[in-house]
Amino acid sequence: MKKNNKSNFSKFILLWAGELISGVGGGLTSFGLGVYVFQKTGSAASMALVTLLAFLPTLLFSVPAGVLADRYDRRLLMMIGDGCSALGIFYILVCMRSGEAALYQICIGVFVSAVFSALLEPSYRATVTDLLTKEEYSRASGMVSIAGSARYLISPVLAGALLAVSDMRLLLLIDICTFFPTVIGAAVVRKEIAVKEKAGEESFIESFRQGWKAVTGRRGILILITVSALITFFMGTFQILAQPVILNFADSTVLGIGETVCACGMLVSGLFLGVKGIKSGHARILSVSLFIAGIGMAGFGVRENIFCACGFGFLFFAMLPFANNCLDYLIRRNIPDALQGRAWGLIGFISQIGYVAAYGLAGAAADKAAEKFRVSVGRGAAGIVMAVGALLGLTAFFLYFVKSVRALEEAG
């Protein structure tokens, strides 16, 4: 398929807009359920359990979903994944009709929704490769970062305001409605872009083997994927424990405003990257941005002060688009187009291990720290966040000196 820069980038914009809207809806549910569960149980571990079950299907199904993205219509898989993921959210909404939803019902709903969402990510990333030239990857990555930041930038303050006048059911209903733009956008792009011919004789196992070879064949790529898993562990820890840290001295409205201010860092960086991109020095920028992110994370929990938390949180989130852009660029340009779907499926699987580990450990660690040092759960969470921030900075320092990662800059 011959790429036309202008027309194909406009198609990318259509898909991106759908993901942006869907991300806002998903952020409403994520924020609302986090506050709902914490207020009902008073446990960071219970919050982490819900988040863990929301991500576990992504870990389990990202590899087969990546293979499917290379064997079948990627746009159709996006439509099925995003459309059917609304079923889990609808189940939670039904459970809340007669009153409060039990923790196990919320867990079932988020798990079902995540099962279908697992189909989306490899197909979406591979579709970006289908549509754009290598010169457009960096610009597109910046815009993808903006869409990803919507759940942190727009959703928290909107959810906090809505919860002040309504309840969790309204957030769930809005989330269900936001699934449709992605489905419609994928349908339009699917109609206008022909599906590439796939080799029908290739077995599923052979497809998996080729994807595995693509991501492990070069030492630099394997190191970046390992670092990606560590980054998701650090980010997952921050994501789980940021709410208890702020809720320890503020209400849900202040929490929503605080999360939005912090996420403005992603907006600023995402806009910069969307306009300017990164021309060179991706490996160096990756290390520097992660080191500064570690400083922001470590400073987030120092004081029970919303201005301090917002300042360091802004710094943390501002560095994430730079790190994600560099990771995406260095990996994407060193993997053949025909293997992009299964490669990103494997990359997603490996990196999501970090999230699962964080969701399984961070909440329990915060509860344990609070018990051991006889402080509130919020201060226990703050201590864990500061420690993990220091580890992130240390990881970035060592990554700076890895030559095989820098070698990826000239390859591809």
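Colleague: L286 is found in helix α14. What counts as a helix here?

Modeller: Helices are DSSP runs of H or I with at least four residues, and strands are runs of E with at least two, both numbered from the N terminus. Helix α14 covers residues 282-300. This is a predicted model, in which local features need a pLDDT of at least 70, side-chain atom pairs count only at pLDDT 80 or more, and totals for chains, interfaces and linings use all residues. Residues are numbered from 1 along each chain as its sequence is written, and side-chain values use heavy atoms, with hydrogens and water left out.

Colleague: Is L286 buried or exposed?

Modeller: The classes rest on relative accessible area: buried is under 20%, exposed is over 50%, and partly exposed lies in between (1.4 Å probe, protein chains only). L286 has a relative accessible area of 0%, so it is buried.

Colleague: Which residues does L286 touch?

Modeller: A contact requires heavy atoms within 4.5 Å. Not counting residues up to four places away in sequence, L286 touches L224, A323, C326, L327 and L399. Its C-alpha atom is separated by 6.7 Å from that of F322, a residue 36 places away along the chain.

Colleague: What is the average pLDDT of the protein chain?

Modeller: pLDDT is the predictor's confidence in each residue, from 0 to 100. The protein chain averages 84, and 93% of the residues score at least 70. Among the elements of the chain, helix α14 has the highest mean pLDDT (95), while helix α7 (residues 134-153) has the lowest (72).

Colleague: With which side chain does the side chain of H282 make a polar contact?

Modeller: A polar contact is a pair of N or O atoms within 3.5 Å; within protein, one must be able to donate a hydrogen and the other to accept it, and residues adjacent in sequence count only if both atoms are side-chain atoms. H282 also lies in helix α14, and its side chain makes such a contact with the side chain of E409 at 2.7 Å. H282 is buried because its relative accessible area is 0%. Beyond four places in sequence, H282 touches N325, C326, Y329, L330 and E409.

Colleague: Which backbone nitrogen does the side chain of D175 reach?

Modeller: That of G26, at 3.3 Å. D175 lies in helix α9 (residues 168-177). At a relative accessible area of 2%, D175 is buried. Leaving aside neighbours within four places in sequence, D175 is in contact with G25, G26, T29 and I89.

Colleague: And what does I89 touch?

Modeller: I89 sits in helix α4 (residues 86-95) and is buried, at 5% relative accessibility. Apart from residues up to four places away in sequence, I89 touches T29, G109, S113, L172, D175, I176 and F179. I89 and V110 are 21 residues apart in sequence and 6.7 Å apart in space, C-alpha to C-alpha.

Colleague: At what angle do α16 and α17 pack?

Modeller: Two packed helices are described by the angle between their axes and the distance between the axes. Axes are lines fitted to C-alpha atoms, for helices over the stretch in contact, and angles run from 0 to 180 degrees between N-to-C directions. Helix α16 (residues 340-373) and helix α17 (residues 377-399) pack at about 115°, with axes 7 Å apart. A365, A366, D367, A369 and A370 of α16 make the contact with V377, G380, A381 and I384 of α17.

Colleague: How do the residues of the contact of α16 with α17 divide?

Modeller: Into seven nonpolar, one polar and one charged. Ala, Val, Leu, Ile, Met, Phe, Trp, Tyr, Cys and Pro count as nonpolar, Asp, Glu, Lys and Arg as charged, and the others, Gly among them, as polar.

Colleague: Where is R374 found?

Modeller: In the loop between α16 and α17. Most residues other than glycine have a negative phi. R374 has a positive phi of about 55°, although it is not a glycine. R374 counts as exposed, at 81% relative accessibility.

Colleague: Where is the place of A387?

Modeller: In helix α17. A387 is partly exposed, with a relative accessible area of 44%. A387 and M297 are 90 residues apart in sequence and 8.8 Å apart in space, C-alpha to C-alpha.
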